[in-house]
Structures are given as C-alpha cells and as structure tokens.
Amino acid sequence: MDPVAVWNAIKKALTERIAQGFSYSNFVDTLTPLKVVENPNGTATLHLTTNHEQVATEWLDPKGHYYESFMQAAMTATLELYGQPTFMVPAVTFVAPQPTTLFEDQLDQTPQISEAPANSSIAADFVTQSILNPEFRFETFVSSDENREAYAVAQAIADNPGTQWNPLLIYGGVGLGKTHLMQSIGNKVLERNPNALVKFITTEDFINDFTEALRRGQKDTEAFKREYRSADLLLVDDVQFLAGKEKIQEEFFNTFNALTRANHQIVLTSDKLPKEIPGLELRLVTRFGQGYSANITKPDLPTRVAILRNKSDQEKLNIPNDVIDEIAAAVDTNVRDLEGVFNQVAGKLRFASKPVTVETARDILETMNFKRQRAITIPIIQETVAKFFGTTVIDLKGKKRNKEIVVPRQIAMYLSRELTQDSLPQIGRAFGGKDHTTVMHSTEKIDIAIENDAMLADQVQKIREELSN
Ligand code: ADP
Ligand code: MG
C-alpha cells in the first residue's frame, strides 16, 4: 500500500469524525505519512511522524479519540481504495524539530547556518565541488514495491533533514536508483532553501580530497575539515569504496561525528550492508547502521514496464506497448540497463523515419546482448526431463512405479518447484492429478539424493543447463 495514498484517503474519512478547525488542523494536518507495514495476518500499521510532541502523545493512546477514529476511517479508506477493508492502526512518532532549521520559512530569525566561513572558498579550492544532477528528483523516480520504503523515508528526510534517521543509508545493487534517490533529497532541500549547504560527493572524491589535503599540509587539512563539516546535508555515494582504507576511514568517522552531533543530515549509499563490506571498521559499521537503512532491490516485470512507460511519456515518444513489453521482458538486470536500451530505441524513433516495432526492439536487444528470457513452464520441464532419460511425458504423468520412471518423475517435480512459480497443488495437477504431499515427498527425496549421489546431482545440473538454453 502506498502510504501517501492511504493517508490521504484516511484524512478524507476523518473529516466525518474529527471537527474541522483547530483539532483537525493541529492533530491531523500536521502528520506526515512514512510507510505502511502490512502484517502477515492481514492487519496493517501506518507509520506517521509529527513535529509536535503533544500531538504524538494524543495519538498514542489506543483508547483515545484519534486512535479510535483512525481505525474506523482506515476501514472506510482501504475499502474505497482497494475494494476490501483493512484493519489498520496508527503509529505516530514524534520527531524533534531541528534547533537550527534548514528552511527559512520556518525561521523567525535570520538563518544562522548556510553562511560559509569568509575565506573558505579560497582556502579549500582543491575540494571537489558538489554538482547535483537536476534530473534526479522525486518526481522522476518511479516508486514500486522494490524501492517504496527507501523512497518514503528519503522524502521524509528531505522534508525534515537532521531530525531523525541520521544517517540514511540506501543500499542495493548497481543501477537500481540509489544515486537518483540520494540526489533527489539534495535537490528537494535546495528547492526549499537555495542557501542550504548541500554537498554531494562520491566516496572517491572524499578520498582524493583528503589525500590532496594531507599532501598540501596542515592549513589545507584544516580547510578540508571546515569544508566538509560545514555541510547542512552531506550526501556520500558508494561508501563501500572506503573498504580497507584505514586512514580515510578515520577521517570519515570524524566528519561523520561532527555532522551528526550538530544535527546535520548525512545520507549514504552502498552496494551492500555495512557489515558485509570487508575491511570496514566496526565503529563505522555501527555508525552507518544507527539511522535508517533502506534496501532497494531489482525491479520485477510490472515495475520495469512502468519505468519504461514513464520515460516514454516524459519524452513524449509514444512507444507502442508491445515494444515496451518486449524490452521489459528482456532486460531484467537493472534500471540503468533498461534506460540504455530505451535510449537506443528512442534514438531510432527520432532519427530513423520508420516507426519502432517489436522487430526493431529485438534487433537492438540482440546487439546489446539482451535475450528475452524464455519462461520455463512445467510442460517444458517435463519434455526436457523425459528426453534426457529416454522416457515419455505420458509416463511422467502416469502411475508406473518402476525406478526408471519414478526417479525422472521426481526430478521433474523437483525442477518444477525450483524453476516455476507454481504451487505444490498446481504441480501435482500437472503430473496427472497427484496430491501435493506426493510433490513435497518427491522434492525432498531429490534434495537428499543430490547431497549423496554425485551422478544424480550431475544429471539434475545438466537438465537445468538444458532448460536455460
Ligand atoms: P545506482 O546509484 O543504484 O547504481 P542510479 O541512481 O545511478 O543507480 O540509477 C541508474 C539510472 O536508472 C539513473 O538514470 C536513474 O535515473 C534511473 N533509475 C533508477 N531507478 C529508477 C526509478 N525507480 N525510477 C526512475 N528512474 C530510475
Ligand atoms: Mg550510484
């Protein structure tokens, strides 16, 4: 569930239960939705934040007016949104407003921050200047299940930097949108306060700057420190590259502490969890994990379609649906690759006079080495296994109990379990209407056999390879 959509619908339903005016504007309008946690038993919790301690206290009481009204409003809202009422409770967290806020509109005096030390630009001229990509914004980011949590918390931090969740760590594989999200925070903060000192750097920049400062001597080392520690928002990309660099890690640790102590926000990205980065000091592992860690995973097929559609619409290209489906099915690695193929197709559309068809897309995919993944289905598995063992699909589905049939049948069930999304009962039905316990028993047998019988393990592996060709 999308926390923003759910909250908006709940707010609407709450207008029936909470008087418009003081109560509503103080106790409802001041809340920011963060995420929906869906429990296995079908209930859910909507996490919200507020800057007012008293508001949080009111909301916390399960017998209180707000809590009760919320549960009822949530039933109405989820029924309306998803066609089915969900039992949902609120979890409101108080987030202390920053003593020195980044945003002028919230200040009743002139900002004390964002005034760079008078001579810093001269003293620290060797330090990498931060350049944000203006395209990396929340508005151009497609949110989906794979990144929803990271997206929600990044937005909450952009609205309220330095108050809670410090640092934010976004981690996940290459090309999945970590840098995009991180820079979205920077762009948003600058949009609201153009004077905020937002510093975006790669870990490599940090390493180079520090090494250069050390080479030049003490005055420049001081300048380096001043430059980095004056940031209101420090964005450091790809911290996995700190691995094994002790001296750099020490300086990073000091920078980190200076900024977080002053309630200045830090956002980090990494290709893995800090504790999985070999050669990262324990104290950094601990620090990096003390705020909020959000994982981004590979986009599934519907998400890939949505990302391509979005790009096509943004660039007003009108790429046909079947072309988009073709690309989305073939490129299952990451968003960067998806964009790479998209740009080729867009180029063809713009510069060749012919419209882009599925054929054109296939050619492009082939030159870029992406093959459409053939979906592996139970019938394909049955056929491949039967051929491999010199038996027939009819026998695999039949009731014969001799060893020459039973083992291939069990292997076919085992591979169906492993390589398709089908459930145990579905697999049972595809094998001549067998019970799901039979399927379970068969897969367990093969599991054990693979451990103890090298020849059988080898056969299973050969069939797998056959199937992936
Ligand atoms: P990472 O830093 O994780 O390696 P990037 O942030 O550089 O990945 O993303 C790679 C490319 O894919 C960028 O051009 C980015 O705009 C795009 N991208 C990634 N995820 C999304 C998304 N969810 N919606 C839109 N564009 C995305
Ligand atoms: Mg990146």
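Mentor: Two residues are in contact if their C-beta atoms, placed from the backbone, lie within 7 Å. Keep in mind that this is a predicted model.

Trainee: Among contacts in the protein chain between residues at least 6 apart in sequence, what percentage join residues at least 24 apart?

Mentor: The count takes in contacts between residues at least 6 apart in sequence. Of these, the share that joins residues at least 24 apart is 72%.

Trainee: How many helices and strands does the protein chain have?

Mentor: The C-alpha trace of the chain spans about 85 × 65 × 55 Å along its principal axes, and 36% of its 469 residues are buried. Its secondary structure comes to 21 helices and eight strands.

Trainee: What should the 12 residues of helix α16 span, at 1.5 Å a residue?

Mentor: Helix α16 covers residues 378-389. The expected span is 1.5 Å times one less than the number of residues.

Trainee: Within what arc do the buried residues of α16 fall, seen down its axis?

Mentor: The buried residues of α16 are I378, I381, Q382, V385 and A386. They line one face of the helix, because seen down the axis they fall within an arc of 125°.

Trainee: Which helices are included in what covers those buried residues of α16?

Mentor: A residue is buried if 20 or more other C-beta atoms lie within 10 Å of its own, so we can look for what covers the buried residues of α16. The cover includes α17 (393-397), α18 (403-419), α19 (424-430) and α21 (454-468).

Trainee: Are α16 and α21 parallel or oblique to each other?

Mentor: The axes of α16 and α21 come within 10 Å and cross at roughly 130°. The contact is made by I380, I381, T384, V385 and F388 of α16 and I463, E466 and L467 of α21. Angles over 145 degrees count as roughly antiparallel and 65 to 115 as roughly perpendicular. The two helices, α16 and α21, are therefore oblique.

Trainee: How do α18 and α20 lie to each other, roughly parallel or roughly perpendicular?

Mentor: Helix α20 (residues 436-452) packs against α18 at an angle of about 95°, with the axes 8 Å apart. Residues making the contact include Y414 and R417 of α18 and T443 and I446 of α20. Angles of 65 to 115 degrees count as roughly perpendicular. So α18 and α20 are roughly perpendicular.

Methods:
Residues numbered from 1 in each chain as written. Chains lettered and ligands numbered in written order. Predicted model: local features only at pLDDT ≥ 70, side-chain atom pairs only at ≥ 80, totals over all residues. Helix = DSSP H or I, 4+ residues; strand = E, 2+ residues; numbered from the N terminus. Buried ≥ 20, exposed ≤ 12 C-beta atoms within 10 Å, placed from the backbone. Arc of directions from axis to C-beta. Axes fitted to C-alpha atoms, helices over the stretch in contact; angles between N-to-C directions. Parallel < 35°, antiparallel > 145°, perpendicular 65-115°, else oblique.
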